[in-house]
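Please consult the sequence and the structure shown below while reading.

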Amino acid sequence: NVTVLTNNLNLIMRAVPFENVQVICLPGILERKTNSFVSAETGKILARYNIKKAFFAATGVTENGDVTNSSSLEYEIKREAMRNSEKKFLLLDSSKYGKSALLTYAHLGDMDRVIADEEMPVALSELCERYNAPVIKVKIED
């Protein structure tokens, strides 16, 4: 049995067929760009939970390892999840490296693992190694 705590509409819908997955939905207004529910209160609600494993998306990862996001409301949610999580996993596709967004919510060195597509740039792989963030490469399917 697994409990998923999320503000992401896509993840909520994908979990529906799995009866052994309990889904706790974080509240907010639907941000259509990211299909996530966000509000000023969402981070405060998230602070109540002790999270074993957190999976994070990013708008970009800079050449110095900063993990960035473009939404100020999502920034607050991600910062709170970073504070309350035992293990942290960064989910990346190869297009994110070398990109920066408005807000930095973490650093590669804060991550326990980086899960990336097979096209991950060598420079990003080396950066993860430098900051002791082991990489798991996966094949992306449509």
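How many bridges join S5 to S8? Five bridges join these two strands, which run parallel.

## Basis of the report

The model is predicted: local features need pLDDT of at least 70 and side-chain atom pairs count only at pLDDT 80 or more, whereas totals for chains, interfaces and linings use all residues. Residues are numbered from 1 along each chain as its sequence is written, and side-chain values use heavy atoms, with hydrogens and water left out. Helices (H or I, at least four residues) and strands (E, at least two) are DSSP runs, numbered from the N terminus.

## The parallel sheet

S5 and S8 belong to an open sheet of four strands in the order S5-S8-S10-S11, with parallel pairing; two strands pair if DSSP finds at least two bridges between them. S5 and strand S11 (135-138) are the edge strands, and each pairs on one side only. On average, neighbouring strands of this sheet are turned by 20° against each other, direction ignored.

## The antiparallel sheet

A further open sheet has three strands in the order S6-S7-S9, paired antiparallel. Strand S6 (60-61) and strand S9 (103-107) each have a single partner strand, so one side of each is left without a neighbour in the sheet. H3 lies across S7 and S9, running at about 20° to S9.

Two bridges join S6 to strand S7 (residues 66-69): Gly60 stands opposite Thr68, and Val61 stands opposite Val67. S6 and S7 form a hairpin with four residues between them, and Gly65 in the turn has a positive phi of about 95°. S7 is joined to S9 by four bridges, and Asp66 stands opposite His107 in S9.

## The largest pocket

The largest pocket holds about 1800 Å³ of space. On a 1 Å grid over the protein atoms alone, a pocket is an open set of points where a 1.4 Å probe fits, with protein on both sides within 12 Å along at least five of seven lines, and lining residues have an atom within 4 Å of a point. Grid points are joined across faces, edges and corners, and the volume is the space filled by probe spheres set on the points.

Of the 48 lining residues, Thr6, Asn8, Leu11, Phe55 and Leu91 lie nearest the centre of the pocket. Elements giving two or more residues to the lining include strand S1 (2-6), helix H1 (9-15) and helix H3 (72-84), while S5 gives the most, with six residues. The lining divides into 24 nonpolar, twelve polar and twelve charged residues; Ala, Val, Leu, Ile, Met, Phe, Trp, Tyr, Cys and Pro count as nonpolar, Asp, Glu, Lys and Arg as charged, and the others, Gly among them, as polar.

Ser36 is found in strand S4 (residues 36-38) and is buried, with a relative accessible area of 6%. Buried means under 20% relative accessible area (1.4 Å probe, protein chains only). Leaving aside neighbours within four places in sequence, Ser36 is in contact with residues including Asn7, Asn8 and Glu74.

Ile45 lies in helix H2 (residues 42-46). Not counting residues up to four places away in sequence, Ile45 touches Leu26 and Pro27. The C-alpha atoms of Ile45 and Pro27 are separated by 8.5 Å.

How values were computed:
Buried means under 20% relative accessible area, exposed over 50%, partly exposed in between (1.4 Å probe, protein chains only). Contact means heavy atoms within 4.5 Å. Axes are lines fitted to C-alpha atoms, for helices over the stretch in contact, and angles run from 0 to 180 degrees between N-to-C directions.
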